[in-house]
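Work through the following exercises with the sequence and the model open beside you. Try each task before you read its solution.

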Amino acid sequence: MSGATFPKHLLDFQEWERAQLESLLETAQMMQEVLARPVKKVPALTGFTVATVFFEPSTRTRISFELAARRMSADVVSFTSSASSTAKGETYRDTLRTLDQMGIDAYILRTDAAGVPHQAHRWLQKPVINAGDGWRAHPTQALLDAFTLREKLGSLEGKKIAIVGDILHSRVARSNAELLPRLGAQVVACGPATLLPGKLPGASLTTKLREALEEADAVMALRLQKERMDKGLLPSLPEYIAGYQITEARLAWAKPEAPLLHPGPMNRDVEIEGTLADSPRSLVERQVANGQAVRMAVLYHVLVGKR
Amino acid sequence: MSGATFPKHLLDFQEWERAQLESLLETAQMMQEVLARPVKKVPALTGFTVATVFFEPSTRTRISFELAARRMSADVVSFTSSASSTAKGETYRDTLRTLDQMGIDAYILRTDAAGVPHQAHRWLQKPVINAGDGWRAHPTQALLDAFTLREKLGSLEGKKIAIVGDILHSRVARSNAELLPRLGAQVVACGPATLLPGKLPGASLTTKLREALEEADAVMALRLQKERMDKGLLPSLPEYIAGYQITEARLAWAKPEAPLLHPGPMNRDVEIEGTLADSPRSLVERQVANGQAVRMAVLYHVLVGKR
Amino acid sequence: MSGATFPKHLLDFQEWERAQLESLLETAQMMQEVLARPVKKVPALTGFTVATVFFEPSTRTRISFELAARRMSADVVSFTSSASSTAKGETYRDTLRTLDQMGIDAYILRTDAAGVPHQAHRWLQKPVINAGDGWRAHPTQALLDAFTLREKLGSLEGKKIAIVGDILHSRVARSNAELLPRLGAQVVACGPATLLPGKLPGASLTTKLREALEEADAVMALRLQKERMDKGLLPSLPEYIAGYQITEARLAWAKPEAPLLHPGPMNRDVEIEGTLADSPRSLVERQVANGQAVRMAVLYHVLVGKR
């Protein structure tokens with residue numbers, strides 16, 4: 001593995017240079033080879049203890065990180081807010097510093113509020129991995145998307161990636177717009193006007209789906225939070241589907257064989273036409289599998305990759 | 001251990017032949033010897049990861065499986081619906097296929113809806129163990145009941161086993177009626193008319209407790225779901241107790257020393273007279289202990305016993 | 001390690017003699033050296049399985065015990081009442097005896113009702129460690145307080161320890177009043193009249209903060225349960241703060257450099273002036289760190305220290 005030094009934390013990609021990101025994805029490639037073995041376990045993190053600290057529930061992400069850590073022989077403890085003393089009025093800071101005193105070696109932190117991981121890394125002695133903070137960032141999701149895209153497209157250099165859906169409230173869109181250009185890609189973000197931010201650093205914005213999809217090398221549909229509709233931010237579901245659902249006909253606007261991604265969990269027949277979600281064009285399940293390899297690589301790099 | 005091939009899944013007993021079931025119970029016997037040691041741990045499943053996926057809570061069953069897996073050195077991840085994305089509208093199928101992409105080696109699945117495990121085994125690449133699906137089946141409970149009965153009675157050949165209580169809503173009754181006759185026993189199921197199904201494959205039905213208990217070699221009382229009363233399916237609790245509670249006097253109708261079983265958790269002084277539950281006639285605690293050995297054997301057989 | 005025999009359980013300190021307590025704290029000292037290593041793991045409890053059984057949620061305490069057990073290579077299973085069958089009407093006793101049949105080697109038990117661990121140790125074959133029962137006792141908290149105080153003060157012999165706050169409802173106060181005098185200290189408990197018990201064995205009582213703090217070698221502030229106010233047991237929060245908050249000015253009444261402790265989680269700017277909580281006088285974070293060492297020592301002593 002690379003001898004380069006790495007940022008101690010993974011909060012977003014501000015501190016990460018292209019060479020470091022490339023090295024991380026190479027490590028993920030090696031981890032994928034581990035995962036192809038019958039016994040998917042290496043001793044790389046024996047004796048380390050990582051904590052998943054989830055102030056917002058997400059079983060899928062938590063289990064993915066937990067498995068990644070255990071497959072490198074680390075111990076894992078889980079802290080979720082529902083059973084936590086935050087209900088008793090303790091602050092995020094006190095909770096995290098308490099865990100820090102218990103000798104945790106790395107924190108995998110998910111919060112409903114944006115920016116908490118960025119504060120947390122100043123409170124804590126040990127690495128913080130952002131597993132999603134509000135609308136702000138979800139860097140391991142972007143890394144697994146990049147890994148999956150490279151696996152399919154060979155390289156991201158000069159590629160056009162279309163991201164479609166509720167861009168405004170999406171940490172997945174933000175993190176991909178930050179990461180993919182660092183790896184050479186061009187990102188176009190597309191959605192209804194009410195679901196687009198004023199600007200999205202790293203991406204161009206459009207409300208026109210055809211414009212976004214044309215010449216795209218890959219299309220990423222985002223999860224639609226149905227809760228948004230209640231707040232009037234969203235047109236009706238039929239209107240959304242009429243304008244922005246990725247159908248087989250619309251996917252034909254993109255380059256031939258352009259793959260289709262989705263961070264999951266999917267609302268079937270909303271973001272993506274049902275049959276398309278299960279077609280060979282869809283990389284949705286491959287994304288989940290690659291999430292294992294990428295998260296193993298991230299844990300390895302923040303914990304021991306600095307040597 | 002036996003060189004015979006085994007069904008890949010344990011959904012119910014349709015695919016399991018008597019010889020395979022006998023071999024499974026022999027393996028459980030060997031596991032029980034492991035459990036009698038001070039260090040109750042063997043390396044049989046080192047490197048394997050099993051997931052407990054519970055869409056209906058059951059700490060008792062989940063912990064029993066989790067301990068069984070860990071005692072064979074497997075890793076375990078837990079997914080429960082309360083913390084899951086099913087609340088976000090994801091389907092059972094998407095949840096399970098997502099886990100499948102993470103490289104899980106076997107699924108221990110509990111659902112409130114009947115039939116989900118039978119569908120799940122077609123979605124998943126790896127073995128599915130049914131840990132209870134609605135009213136339909138709870139095969140490891142029946143296996144531990146059979147194991148406990150054989151331990152006490154020597155063999156099930158020609159034995160009469162009485163099952164008493166809410167037969168209609170009981171997956172335990174259904175699985176025992178399916179399993180015990182395969183091992184040579186005769187099953188009589190008994191309860192108030194409103195709590196009996198039209199028929200129960202593998203068992204004869206009666207509303208007459210004395211008829212059920214007479215000449216019985218063992219008596220199994222089922223848990224009464226008090227919720228049923230609200231739906232008018234159940235007579236009042238005093239009526240149930242008057243007619244169907246297993247008391248010392250009624251147990252005397254059965255063969256001398258016929259043991260008493262209950263799948264737990266018990267409603268004290270409802271299904272069984274309180275003092276009887278703690279008497280030497282009761283095998284309730286032994287059932288729990290044997291559950292460990294049986295679940296270790298099931299995991300071993302579906303994961304590596306096919307060699 | 002000491003060859004002395006130890007009580008099998010840690011319910012409170014009634015059965016523990018000073019020599020045994022000293023020996024336990026010496027073992028904790030050795031565990032602290034383990035925790036100072038990069039790989040904080042020893043094989044002392046390989047093959048043992050401990051269960052955390054929490055009928056009252058407390059993530060902080062549960063994780064502390066869980067980490068302590070895992071760092072000695074024990075397996076851990078977690079049972080919490082929210083997901084338990086207690087909701088189904090099963091009694092504490094049945095729940096614990098069920099777990100007992102599964103071959104658990106030690107129980108770490110937290111209950112909202114006082115006295116349950118004292119009953120439990122009669123139902124169970126294996127050691128019970130009380131992790132807090134109602135207002136009654138929280139012995140590992142008192143042990144980590146004692147360990148932290150000795151670390152700072154050298155010895156507890158002849159030292160005056162002031163405990164301030166809601167004494168009436170505090171298991172932490174009760175356990176410290178029981179433990180610290182056994183180690184040679186004198187305890188003064190102080191709070192508003194409505195929050196003082198009639199008597200507190202092992203401590204003298206006062207409503208006068210100055211009297212409690214004068215000549216104190218250390219001050220321990222207790223967590224204020226804001227719920228108490230609703231029941232009229234507590235003056236208003238501003239009144240409490242005016243009379244009993246530990247401020248820099250009031251701490252000056254104690255001996256120079258007398259340290260400040262708090263069992264956590266803290267209500268910031270209630271029990272302790274905010275800036276003081278983060279000052280070098282505060283041992284709050286050290287208490288948490290020492291909790292690891294003390295709980296490892298307790299587990300070691302109840303499980304194997306008897307040899």
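**Exercise 1. Find how many residue pairs are in polar contact across the interface of chain B and chain A, and describe the side of chain B that takes part.**

Step 1. Across this interface the rule finds 9 residue pairs in polar contact, both residues being at pLDDT 80 or more; a polar contact is a pair of N or O atoms within 3.5 Å, where within protein one atom must be able to donate a hydrogen and the other to accept it, and where residues adjacent in sequence count only if both atoms are side-chain atoms.

Step 2. Turning to the elements, strand E2 (75-80) and helix H3 (92-101) of chain B each supply at least two residues of the side that touches chain A; helices (H or I, at least four residues) and strands (E, at least two) are DSSP runs, numbered from the N terminus. H3(B) gives the most to this side, with 6 residues.

Step 3. Sorted by class, the side of chain B that touches chain A has 7 nonpolar, 9 polar and 7 charged residues. Here Ala, Val, Leu, Ile, Met, Phe, Trp, Tyr, Cys and Pro count as nonpolar, Asp, Glu, Lys and Arg as charged, and the others, Gly among them, as polar.

A note on the source: this is a predicted model, in which local features need pLDDT of at least 70 and side-chain atom pairs count only at pLDDT 80 or more, while totals for chains, interfaces and linings use all residues. Residues are numbered from 1 along each chain as its sequence is written, chains are lettered from A and ligands numbered from 1 in the order in which they are written, and side-chain values use heavy atoms, with hydrogens and water left out.

**Exercise 2. State how much area chain B and chain A bury between them, and name one salt bridge that joins the two chains.**

Step 1. The contact (heavy atoms within 4.5 Å) takes 23 residues from chain B and 23 residues from chain A.

Step 2. Together the two chains bury about 2100 Å², with 49% of it on carbon and sulfur atoms; buried area is the accessible area (1.4 Å probe) that two parts lose on being put together, summed over both.

Step 3. Between chain B and chain A the count is 5 salt bridges, a salt bridge being a side-chain nitrogen of Lys or Arg within 4 Å of a carboxyl oxygen of Asp or Glu. In one salt bridge, the side chains of Lys41(A) and Asp75(B) meet at 2.4 Å, N to O.
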